[in-house]
Amino acid sequence: MALQSLDVIRRSATSTSPPGQRQTQEVVKLIDISKCIGCKACQVACMEWNDTRDAIGINHGVLDNPPDLTENSWTVMRYAEVETNRGLEWLIRKDGCMHCAEPGCLKACPAPGAIVQYSNGIVDFQEKNCIGCGYCITGCPFNIPRLSKRDSKVYKCTLCSDRVAVGLEPACVKTCPTGAIVFGAKDDMLHHAEGRIVDLKSRGFADAGIYNPQGIGGTHVMYVLQYADKPEIYHSLPKNPSIGAMVGIWKDGAKPLASLLFGAGVIGAVLHYVTKGPNEVSEDIEKEFKDEKRP
Amino acid sequence: MGATFGRGAMTNHWVDIKNANVVVVMGGNAAEAHPCGFKWVTEAKAHNKATFIVVDPRFTRSASVADIYAPLRTGTDIAFMGGVINYLLNNNKIQHEYVKAYTNAALIVNEGYKFEDGLFSGYDAPNHMYDRSTWAYETGPDGYAKIDTTLQHPRCVLNLMKQHYSRYTPEVVSNICGTPKEKFLQICGILAGTAPPDRTATFMYALGWTQHSVGSQMIRTAALVQLLLGNLGMPGGGVNALRGHSNIQGLTDLGLLSNLLPGYLTLANEKETDYRAYIDKRTPKPLRPNQFNYWSNYPKFHVSLMKSWWGDVATKENNWCFDWLPKLDVEYDILRQFELMNQGKMNGYFCQGFNPLAAIPNKAKLMSAMSKLKYLVIIDPLATETSCFWENHGEFNDVKTAEIQTEVIRLPSTCFAEEDGSLTNSGRWLQWHWKGAPPPGDAKPDAEIMAGIFLKLRELYRKEGGAFPDPILNLTWAYKIPHAPSPEELAKEYNGKALTDLTDPKDRTKVIVKKGDQLDGYGQLKDDGTTACGCWLFSGSYTEKGNMMARRDNSDPSGLGNTPNWAFSWPANRRIMYNRASCDPSGKPWDPNRRLIWWDGAKWTGADVPDFKPDSPPSEGMNPFIMQPEGVGRLFALDKMVEGPFPEHYEPFETPLDTNPLHPKVISNPAARVFKGDREMFGTSKDFPYAATSYRVTEHFHFWTKHTMLSSILQPEQFIEIGEELAKEKGIKAGDWVKVWSKRGFIKAKAVVTKRIKPLQVNGKTVHHVGIPIHWGFKGLAKKGFLANTLTPFVADANSQTPEFKSFLVNIEKA
């Protein structure tokens, strides 16, 4: 990759347009589940590069560890044992931020500039602007961001925006021993994925395909799946992810009100309401994304 | 593999896996234990359309990316592979020309050889050993083995082999292994598809084969299959031993086993006091005409080693100091060491980079043994369990500290990243590495610690004399800083140098190597005392051109991944051993798309260093396995294996069947050594109904990484794995604490309940497996745990004395 600019194209809770002169390439991290051996090297590389350390925990009766994403574990391997018509499959999925083209977190965020999207597609949290409300967690269709108990800020995978900015691949890509994780220009990655799908089909995976869900405008982290018709068997990867209805309500009406209430400290009630909201497609919010003109 | 091919190491190398059409991982779990090397399996699949097969008691991380997975009961690999051999022979799916020319299929076996009711001829029942004299060729008056190239003779190797494996029908295989018959046949069919000369299969194995009481013979079954299929010596073929430590290949190469000298030269036994007899026994006569018979150079390697050790003092007159070498009464392998310690006969122990309390079976016996030591010296970067065996850690290490009188001395050493040096990987590459950081505290490199001990000892011998001071006082010690030999100095010593000007044998006026210069390779070694070489196999790794191990040119002119200028590969920078066998007898590559070496009319040439006499034309009839006196791969191992010339299925010493379906009177390896008292500590299926197997998981490396933060985060706490069916029977849920016990002790761990371990139907019985990862202990950052080897039996492979960690019996209940 050539040196990547980090031009911001979207900024949370900000109505002024970002600068739009420069054209930059969209990037994609492609995770080929059929090549992944679940070695967790990516988890180590992520912790090392980002200098995060979870506590030494316990075994929960599974190999997954840490058992879930945390403010210190921005990626975890999720292991699913599934009986298929081909016999047992052990489907191992590297979970983490998908860097949605239409990021629900960013839409939901009330704090100006706490979440930004760069022109290369990376969605990044700017913790210094984060107010710890947790709305991004509700807004995320993949259940990714985690609130830190230590500083009440929200953390997730940055797609190593700091590395990408200087022309390096993300740390997990660099370390992956089998080449299951690759990184590059979106078109190149889609082309690579097509080759992988041909190989998988030749091995009898008739439904092999790419996971790049359109309900959120596609993602900048994509999967090659052996069973693309059943993403849910990959440890509950959502089949048709979309941004929750509550985010739409929030955008349309509640946000100005909430901004006022914020100072009064009544946010807890809203949060409760928001978190209980159903996880459905909001046509309004989808439309809003589609209408938006990208620089 | 040494018995079959002549050298006991990975035949090919990691990168070469990408050239395979079929990859078999059996007796190993490469994705889990060798994730970096495993990339070449991924390459073979993605770019060579390879079919990937995994056979294992557990559906492993390797199996998760396999095209075909077949389960088998732990310890039954010989039955499975014997079945494959039977399939190939019955269905005529062998590469005939290769088998005839490059194996001992056509050679005729001594008529005294027999196999009956589970025993080969010559069994000495009271001593649990064989008289192996009938396991030989029938030889003519010329000393050469007799041959029947028509393969009609009833005692030619191929016919004996057919007869031997005819018992291993698919039904028998399925009955012993628990492998579904159709899965077994599917795998046979895929392997058979590599019999044509332009198709290859590669076998990748590791400790899943070596750690059985019949481990060496398991490995030999793969060797036999590969010879029958013509896959040996071929790019994308071979039998590939994956090493469990980054430098364990280097350890054996340098002779750090009790019966070896560097370069697989062997120590004399106590009866071999005559130098000439010692040398003659190790310098074989050719068994077929016109063979290279490379071990005929044994005297050159041996004399050069003695010159390296004792310099000018080693002379022809004193037999190059042969009398100063120790003479073995028995082999002092690790199990014998602890047996002797436990008997009170071994009183002091030096333990360098080794954690035997964790790594050797039957912890209770080890504790008893170590508690009887007068002193124990530990050289290690970590505070290992062994170095703290006397500490009480509650249930995890329940000892009475006050009753242990052993004096423990800890000498902190550097870890690999804190020193320069070379590591020899599985693929025989000696790769130089550079220090990444200074060591903490008082830690010193191992060479410095050993030098310190040596210099002190020498001083004491000088001052006080002693029973036998000569070998110590005369040892060559010409390092610039005597108390700190540098890695470069040691590497140069292994490579070897000329002690006088070496001249061209064809033109005595021409000097090839000047006195004092580094040798170019072991071809220049002499048996007249004019060369010194610390390890003939490493000769060529540090020449006058510099440190060949430090080369980092990854250019690959052939496209086969051979990278001849990347590091140094023993022997002689050959990347694929026995590569002469990649050509037909006329010298033409079997596969025009995989041209490794070939005869160009005048010499052997190509993309690799020929593993052959470079100027021997095909018409001369020299065979490709140059380390063997007959030049061919041995389907019949002669007397080189202690329990028989053909691999035979014997049950683990603890078997859930309590019988051997093939021969109920001979259940387990009849030639394995079991010490008095250990046999009584074997359990039976009545009290211990479940087949257990121990193993590593990818998050950890042996017992080291529980000392590191990141690995401990990834897999923090001890667990065992059981199938859903057994869990249901026992009322165990995922995450429950369970107690697992064998006749030797118990551990407690969390239960991982999985679909990946299925009950198997074996000989009319349902056999459940209990999987036991080994990585925990009472020292380190991860949660404290029990040493898994509390459970394992004190018995080992009859040839290598590698303990049977992979197959034993346990019971389990919710804790």
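A:P66 sits in the loop that runs between α1 and β3 of chain A. The model is predicted, and in it the peptide bond from A:N65 to A:P66 is cis, with omega near -10°. Chain B has a cis bond too: B:W570 is joined to B:P571 with omega about -5°. B:P571 belongs to the loop between β23 and β24 (597-599) of chain B.

Confidence comes next. Chain B has an average pLDDT of 97. In that chain, 100% of the residues score at least 70. For the complex, the predictor reports an ipTM of 0.95 and a pTM of 0.95.

**Helix α14 of chain B**

This helix covers residues 334-342. Its buried residues are B:L335, B:F338, B:E339, B:M341 and B:N342. Viewed down the axis of α14(B), the buried residues fall within an arc of 160°, so they line one face of the helix. An α-helix has 3.6 residues a turn, so residues three or four places apart point the same way. What do the buried residues of α14(B) pack against? Their partners are β12 (348-352) and α16 of chain B.

**Domains of chain B**

The domain assignment divides chain B into domain 1 (2-246), domain 2 (334-464) and domain 3 (679-814). The centres of domain 2 and domain 3 of chain B, taken over C-alpha atoms, are 26 Å apart. The contact between these two domains involves 19 residues of domain 2 and 22 residues of domain 3 of chain B. On the domain 2 side, the elements that give two or more residues are α15 (356-359) and α16 (363-371) of chain B. That side of domain 2 has 11 nonpolar, 5 polar and 3 charged residues.

**A three-stranded sheet**

Chain B has an open sheet of 3 strands in the order β15-β16-β23, with antiparallel pairing. β15 (421-424) and β23 (568-569) of chain B stand at the edges with a single partner strand each, so one side of each is left without a neighbour in the sheet. β15(B) pairs with β16 (residues 429-433) of chain B over 4 bridges, in the antiparallel sense. Within this sheet, B:G421 stands opposite B:H433 in β16(B).

**Contact between the chains**

How many residues of chain A are in contact with chain B? The count is 32 residues of chain A, which meet 35 residues of chain B. On the chain A side, α1 (41-50), β3 (76-84) and β4 (87-95) each supply at least two residues. Among the contributors, α1(A) gives the most to this side, with 4 residues. By class, the side of chain A that touches chain B has 14 nonpolar, 10 polar and 8 charged residues.

Notes:
Residues numbered from 1 in each chain as written. Chains lettered and ligands numbered in written order. Predicted model: local features only at pLDDT ≥ 70, side-chain atom pairs only at ≥ 80, totals over all residues. Domains from an automatic or database assignment. Contact = placed C-beta atoms within 7 Å. Nonpolar A, V, L, I, M, F, W, Y, C, P; charged D, E, K, R; others polar. Pairing = 2+ DSSP bridges. Buried ≥ 20, exposed ≤ 12 C-beta atoms within 10 Å, placed from the backbone. Arc of directions from axis to C-beta. pLDDT = per-residue confidence, 0-100.
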